[in-house]
Amino acid sequence: MALKGVIERINGSLVVARFEEEPRIGDLVEVGKLGLMGEIVRLSGRNAFIQCYEVTSGMKPGEPVIDTGTPLVAELGPGLMGNIFDGVERSELEMWRMVGPFIKRGVRIAPLNRDKKWYFEPKVEKGEKVVGGDIIGVVQETEYFQHRILIPPHLKGEIVEIEGGEYTVNEPIGTLKTDEGEEVELKMMHTWPVRMPRPYKERLPLTIPLITGQRVIDTFFPVAKGGAAAIPGGFGTGKTVTLQQISKWADADVIIYIGCGERGNEMADVVTHFPELTDPRTGRKLIERTVIVANVSNMPVSAREASIYLGVTLAEYFRDQGYDVAVMADSTSRWAEAMRDLSGRLEEIPAERGFPAYLADRIAGIYERAGRVVTLGSERRVGSVTIIGAVSPPGGDFSEPVTTHTLRFIGAFWALDTELAFRRHFPAINWLRSFSRYIEVASVWWEKYEPRWMQLRARALKILEDASEIEETARIIGEKALPDEQRLTLLIAEMIREGFLIQNAFHEVDRYCDPEKQVKLLKLIMDFHDAVEPLIRRGIPIERIRALKVVSEIMRVKEEKGVEPIEEMRKRMRREVSSLAGEYGVE
Ligand SMILES: Nc1ncnc2c1ncn2[C@@H]1O[C@H](COP(=O)(O)OP(=O)(O)O)[C@@H](O)[C@H]1O
Ligand SMILES: [Mg+2]
């Protein structure tokens, strides 16, 4: 029985309604004559505070409210892949088809298309015992992506009937008899409350890095599959470009891209731009393994608040199918601001900078849903959810609450730097302020390319750190007054920056750099360092070393395809260095 109520007050997206009986917190409600979507966020006896997901203008006290009796849930099943949903899982693509670019309030459309038929191929037989998480069949959802149909988490029993063929998501594909003897229809879709993490069997240690093809990330500040990373930065420092690069190139099976409405037109850009992108791994469209959650239409901020939970729930669902999923959230600051807005309307006592006191818990709650797990189901299957969140601190100030709280719950921190962006050093990730807690893990993985990967990485980072101190001195006394050893450090640091750290997202070749090439590039620079260091000690002037042709060539070899040019460069480097040494009679 749906519980009924009446609107008492309206304050922007917050509606207060009085119910005939006490409703349940978290329930989804239909608000007003238009039946707008809302969620009960607080109760005071029979009075419910409702966060409305659509614009409430024109609505009046006295209008009816209906408690649907279910929380905000996600529909999970074929039809997700390649779709673009708003924060409450209404398909933007469907809405567009139905009502055009103008938002119409109170429009009800089922998240998953109810008419489309999918070819279901069963993987279990009549009489088989199944438990939650078991794969009962598959659907080739896109040419690239195989959707595995799962028994919903809390169901188990015996398959009474199952038949392959063309079905819509809502048609029965079979029947299951529970241990209590109850017969349950099996469908390709099921639902899950977005604010509740989906269950799994066991958490696994994070042992594999997510390879993004971005050198500063993979080599210096890697994120593990199942880990969490944050990328904070002021306006225009490269948050969106970096997240899109990772979406394109990371070795994840599925990408969930959450656009929490940075700027309206930016989201429209994602929606029009993303479907055009080619997936470098499959040669097909990237959208075939991507789901976008974006508040394109100008829905109230409250819908943004929900979008992160929806995105993470979708990710967990694909994880449960045994896939590696990467979630991009751009930007979590907009999400936190939506929370602040709502908290203000609820007249809660604000903590730092107006954010509610539970901000940290909510941020933790999101990042804790990252992980690498053994999924439910009788067969052992492993899947992961990696979460990468952009943070846009006002004025680029990293001491504000969203950034500082985020820092506590993530394992990799990519600090974008306005100064670097201004000098067009991209990705503008500051190597002195960034960190990764996944180095040990990554080092084991990298050993197949370079047994001394840890040392290689540490040495390069040390040179960069030393160089930054030396630069301080150089600013006072001038570079020429420095001893040549120090000037060599500056030169090598410059080569690391130019030849390794800088990576143009729009360069035909350099936009992606595979692990082998990353190692070889960095080793080349270190080998050059080893080769010229003795010359400096023997008094050969730094100017002569800097003037070697190979120096600028090493900084550009990243732009060439494959690793052969790097090997060639190494030979040329040795020739040039020994001829310079010969000139000075140094062995
Ligand atoms: N890796 C990169 N390679 C080349 N250009 C970049 C890169 N990252 C950022 N940029 C430049 O910086 C601009 C702003 O980046 P963007 O990601 O939109 O910033 P933000 O999302 O932080 O506001 C881009 O339009 C692009 O010109
Ligand atoms: Mg952006």
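## A buried glutamine

Let's start inside the protein: the side chains of Gln321 and His147 make a polar contact, at 3.5 Å. Keep in mind that this is a predicted model. Gln321 sits in the loop that runs between α5 (301-320) and β22 (324-330). Is Gln321 buried or exposed? It's buried, because its relative accessible area is 0% and anything under 20% counts as buried.

Leu76 is another residue to look at here. You'll find Leu76 in strand β7, which covers residues 73-76. Leu76 is buried, again with a relative accessible area of 0%. In sequence, Leu76 and Ile149 are 73 residues apart, yet their C-alpha atoms are 9.6 Å apart in space.

## The overall build

Now zoom out. The protein has 587 residues, and 57% of them count as buried. Its secondary structure comes to 16 helices and 26 strands. The radius of gyration is 28 Å, close to the 25 Å that the globule rule gives for 587 residues, so the protein is as compact as a globular protein of that length. If you box up the C-alpha atoms along the principal axes, you get roughly 95 × 55 × 40 Å.

The chain is divided into four pieces: domain 1 (3-70), domain 2 (113-188), domain 3 (202-437) and domain 4 (453-583). Between the C-alpha centres of domain 1 and domain 2 there are 36 Å.

## Around the ligand

Where does ligand 1 lie? Domain 3 (202-437) and domain 4 (453-583) both give residues to its shell, so ligand 1 lies between them. There are 15 residues around ligand 1, and the ones that come nearest are Gly236, Lys239, Thr240, Val241 and Ala505. By type, the shell splits into 6 nonpolar, 7 polar and 2 charged residues.

Several backbone atoms come within polar-contact range of the ligand. A polar backbone atom of Val241 is 2.8 Å from an oxygen atom of ligand 1, and a polar backbone atom of Thr237 is 3.3 Å from an oxygen atom of ligand 1. Over at Ala505, a backbone N or O atom lies 2.9 Å from a nitrogen atom of ligand 1. On its own, ligand 1 has 570 Å² of accessible area, and the protein covers 81% of that.

Most peptide bonds are trans, and most residues other than glycine have a negative phi. A few spots here go the other way. The peptide bond from Asp330 to Ser331 is cis, with omega near 0 degrees; Ser331 is in the loop between β22 and α6 (332-345). Phe426 and Pro427 are also joined by a cis peptide bond, with omega about -10 degrees. Pro427 belongs to the loop between α9 (418-422) and β26 (435-436).

Then there's phi. Glu347 isn't a glycine, but its phi is positive, near 60 degrees. Glu347 lies in the loop between α6 and α7 (359-367), and it counts as exposed because its relative accessibility is 67%, over the 50% cut-off. Arg353 is found in the loop between α6 and α7 too, and its phi is also positive, near 45 degrees. How exposed is Arg353? Partly: its relative accessible area is 48%.

Definitions and conventions
Residues are numbered from 1 along each chain as its sequence is written. Chains are lettered from A and ligands numbered from 1 in the order in which they are written. This is a predicted model: local features need pLDDT of at least 70, side-chain atom pairs count only at pLDDT 80 or more; totals for chains, interfaces and linings use all residues. Side-chain values use heavy atoms; hydrogens and water are left out. A residue is near a molecule or strand if one of its heavy atoms lies within 4 Å of it. A polar contact is a pair of N or O atoms within 3.5 Å; within protein, one must be able to donate a hydrogen and the other to accept it, and residues adjacent in sequence count only if both atoms are side-chain atoms. Accessible areas come from the Shrake-Rupley method with a 1.4 Å probe; for residues, only the protein chains shown count as cover. Ala, Val, Leu, Ile, Met, Phe, Trp, Tyr, Cys and Pro count as nonpolar, Asp, Glu, Lys and Arg as charged, and the others, Gly among them, as polar. Domain bounds come from an automatic or database domain assignment. Helices (H or I, at least four residues) and strands (E, at least two) are DSSP runs, numbered from the N terminus. The radius of gyration is taken over C-alpha atoms; the globule rule is 2.2 Å times the number of residues to the power 0.38. Buried means under 20% relative accessible area, exposed over 50%, partly exposed in between (1.4 Å probe, protein chains only).
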